[in-house]
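Visitor: I would like to go through the labels on this model one by one. Please set each against its cut-off.

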Amino acid sequence: MSIVLIGIQFITGVFLLMNYHPGGEGGSAAYNSVMSIMYDVRWGWLVRYIHTTGASLLFIIVYLHMFRALWDRTYKKRGGKVWLWGTTLLVLLMGEEFFGYILPYGNMSLWGGMVITNLFGSVPIVGHDLVTWIRGGPLVSTPTINRFMAFHVAVIPMALVALIVMHLQNLYSLRIEQEASRSAQR
């Protein structure tokens, strides 16, 4: 189910990317672009809602998947490699969702971006410089949106694909080992 939802996210994301323009003074172009998708692009409102709701549904599915692994104690098998890849996927998905949350540049996403990027300011000595570097300036604005868009559209999706492949390969090899041990017991 999660693979299907990731596919839906990819398809709707590509459609949204075709109509999203992050540039402009103070990020207003990003907000206006989202409003244009919602009101001017045919079926744009539906695609955007499928994309945003699909992201939340994906998290529910991933949490249920991880809860099942905890319940069945399958996280212990094979030294926890499958569990390690799975939790790394969860962290990457959280990053992906955060970077996407900033892109509409509405009031909530602006302040959400300010709060999360300000967390890096608590790093001793280099905190202030780190926040400025992450934002591309003193405030969350167009450079921040451009950086976060690059992560949301290119960097994290490539890492997600690689980790999904590793997660499934480890899961597949674990199942082969289990089948081999079952047939040896017979």
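Here is a short exchange on surface, core and salt-bridge labels.

Guide: This is a predicted model, where local features need pLDDT of at least 70, side-chain atom pairs count only at pLDDT 80 or more, and totals for chains, interfaces and linings use all residues. Residues are numbered from 1 along each chain as its sequence is written, and side-chain values use heavy atoms, with hydrogens and water left out.

Visitor: Why is L46 called partly exposed?

Guide: Buried means under 20% relative accessible area, exposed means over 50%, and partly exposed lies in between (1.4 Å probe, protein chains only). L46 has a relative accessible area of 33%, so partly exposed is the label. L46 is found in helix α3; helices are DSSP runs of H or I with at least four residues, numbered from the N terminus.

Visitor: What makes the nonpolar surface patch?

Guide: V4, I8, W43, W45, L46, Y49 and I50 make the patch, of about 650 Å². Patch residues have over 30% relative accessible area and no salt bridge; nonpolar side chains (Val, Leu, Ile, Met, Phe, Trp, Tyr) are joined within 5 Å, like charges within 9 Å. Areas come from the Shrake-Rupley method. The elements giving two or more residues are α1 (2–19) and α3 (44–72). α3 gives the most, with four residues.

Visitor: How do you know that R68 forms a salt bridge with D72?

Guide: A salt bridge is a side-chain nitrogen of Lys or Arg within 4 Å of a carboxyl oxygen of Asp or Glu. The closest N and O atoms of R68 and D72 are 3.4 Å apart, so the pair qualifies. Both residues lie in α3, four residues apart, about one turn of the helix. A search of the whole structure finds one salt bridge.

Visitor: Are R68 and D72 buried, exposed or partly exposed?

Guide: R68 is at 46% relative accessibility, so R68 counts as partly exposed. D72, at 41%, is also partly exposed.

Visitor: Which residues touch the most other members of the largest nonpolar core?

Guide: V62, L93, F148 and L160 do, out of 18 residues. A nonpolar core is a set of buried Ala, Val, Leu, Ile, Met, Phe, Trp, Tyr and Cys residues joined through side-chain atoms within 4.5 Å. α3, α4 (81–102) and α7 (142–185) each supply at least two residues of this core. The largest share, seven residues, comes from α4.

Visitor: Why is A150 called partly exposed?

Guide: A150 lies in helix α7. Its relative accessibility is 40%, so A150 counts as partly exposed.

Notes. Areas by Shrake-Rupley, 256 points an atom, 1.4 Å probe, with all protein chains shown as cover.
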